Amino acid sequence: MSPRGRRKTLSHSKRVEKFLNCVEELKVRPFILKGLREFEFHIDFQREPGKIFCEFKEADQEHFRSFLLTFRKFLLNDEPANIDNILNTCRKFVKSEQTELREVLEKFKTIWGYQYRKGTIRITSGSLPLTPEYVLDCWINGLYFHNRDPQKSEQLCSLLNQELPSVKLQLMWSLPILTETIIRIGGLLTKAINECAFDFPEET
């Protein structure tokens, strides 16, 4: 990659600042203000036909897409706001006397890893685990931003065409949970920074 196309390396404090800016951006998205409450599903099992029926209530798709434009910044490894990197940075540079904050950061690291990589509910399609990580990867890079990886679009299309679209169930179950966790982490870090709880290296 040419120097012109190379992303400037940010300091640790600037990365945390980027993360917090993204959290604030996320909080004012129309999908958060209204659409997330409309993002729901109902499951009905009818004994006679012996089938499960699902009814989905989804938010405005343009609002959802604009929400994902921000949300994906917390997931992509090369984004300054990547939540795993931010939690690792804050755990590394929290001041030694901030024992309670350190414990809370460790807890959030565990919570996020569980909610995102495993999921609070376990759903499979055949032998394929439909974890929130996998589902969001398909949705973000397959439905809305498929130019990055056309194979994701095919995978998602196949899963959505199933009689019981489990991939959509996982999305609608896990996305509100992950969003709440991101916002809670944002609130924690904002308070900690205001209290000078981190000892980030000085910028050179």
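Contact here means heavy atoms within 4.5 Å of each other. Helices (H or I, at least four residues) and strands (E, at least two) are DSSP runs, numbered from the N terminus. The model is predicted: local features need pLDDT of at least 70, side-chain atom pairs count only at pLDDT 80 or more, and totals for chains, interfaces and linings use all residues. Residues are numbered from 1 along each chain as its sequence is written, and side-chain values use heavy atoms, with hydrogens and water left out.

**Figure 1. The whole protein.**
The protein has eight helices and four strands. Along the sequence, their pattern is α-α-β-β-α-α-α-β-β-α-α-α. The protein has 204 residues, and 39% of them count as buried. Buried means under 20% relative accessible area, exposed means over 50%, and partly exposed is in between (1.4 Å probe, protein chains only). Take the contacts between residues at least 6 apart in sequence: 68% of them join residues at least 24 apart.

**Figure 2. Helix α1 against helix α8.**
Two packed helices are described by the angle between their axes and the distance between the axes. Axes are lines fitted to C-alpha atoms, for helices over the stretch in contact, and angles run from 0 to 180 degrees between N-to-C directions. Helix α1 spans residues 12-27, and its axis comes within 10 Å of the α8 axis. The two axes cross at roughly 130 degrees. That angle makes α1 oblique to α8. Angles under 35 degrees count as roughly parallel, over 145 as roughly antiparallel, 65 to 115 as roughly perpendicular and the rest as oblique. The crossing of α1 and α8 is left-handed. A crossing is left-handed if the near helix is turned anticlockwise from the far one by less than a right angle, and right-handed if clockwise. On the α1 side, the contact uses Val16, Phe19, Leu20, Val23, Leu26 and Lys27. On the α8 side, it uses Thr179, Ile182, Ile183, Ile185, Gly186, Leu189, Thr190 and Ile193. The residues of this contact are ten nonpolar, three polar and one charged. Ala, Val, Leu, Ile, Met, Phe, Trp, Tyr, Cys and Pro count as nonpolar, Asp, Glu, Lys and Arg as charged, and the others, Gly among them, as polar.

**Figure 3. Helix α3 against helix α8.**
Helix α3 (residues 61-71) packs on helix α8 (residues 166-194) at an angle of about 50 degrees. Their axes are 13 Å apart. The angle makes α3 oblique to α8. The crossing of α3 and α8 is left-handed. Phe64, Phe67 and Phe71 of α3 meet Leu171, Leu175, Leu178, Thr179 and Ile182 of α8. Seven residues of this contact are nonpolar, one is polar and none is charged.

**Figure 4. Helix α1 against helix α3.**
The axes of α1 and α3 come within 9 Å and cross at roughly 170 degrees. That makes α1 roughly antiparallel to α3. Cys22, Glu25 and Leu26 of α1 touch Phe67, Thr70 and Phe71 of α3. Four residues of this contact are nonpolar, one is polar and one is charged.

Pro176 sits in helix α8. Its relative accessibility is 23%, so Pro176 counts as partly exposed. Leaving out residues up to four places away in sequence, Pro176 touches Leu36 and Leu171. Ile32 is 144 residues from Pro176 in sequence, yet their C-alpha atoms are 9.2 Å apart in space. Tyr116 sits in helix α5 (residues 99-117). Its relative accessibility is 8%, so Tyr116 counts as buried. Beyond neighbours within four places in sequence, Tyr116 contacts Leu75, Pro132, Glu133, Leu136 and Leu178. From Tyr116 to Pro132, the C-alpha separation is 5.3 Å, across 16 residues of sequence.

**Figure 5. The segment after α8.**
Cys196 lies in this segment. Most residues other than glycine have a negative phi. The phi of Cys196 is near 55 degrees, a positive value in a residue other than glycine. Glu202 is in the segment after α8 too. Its relative accessible area is 74%, so Glu202 is exposed. Glu202 and Ser13 are 189 residues apart along the chain, and 8.8 Å separates their C-alpha atoms.
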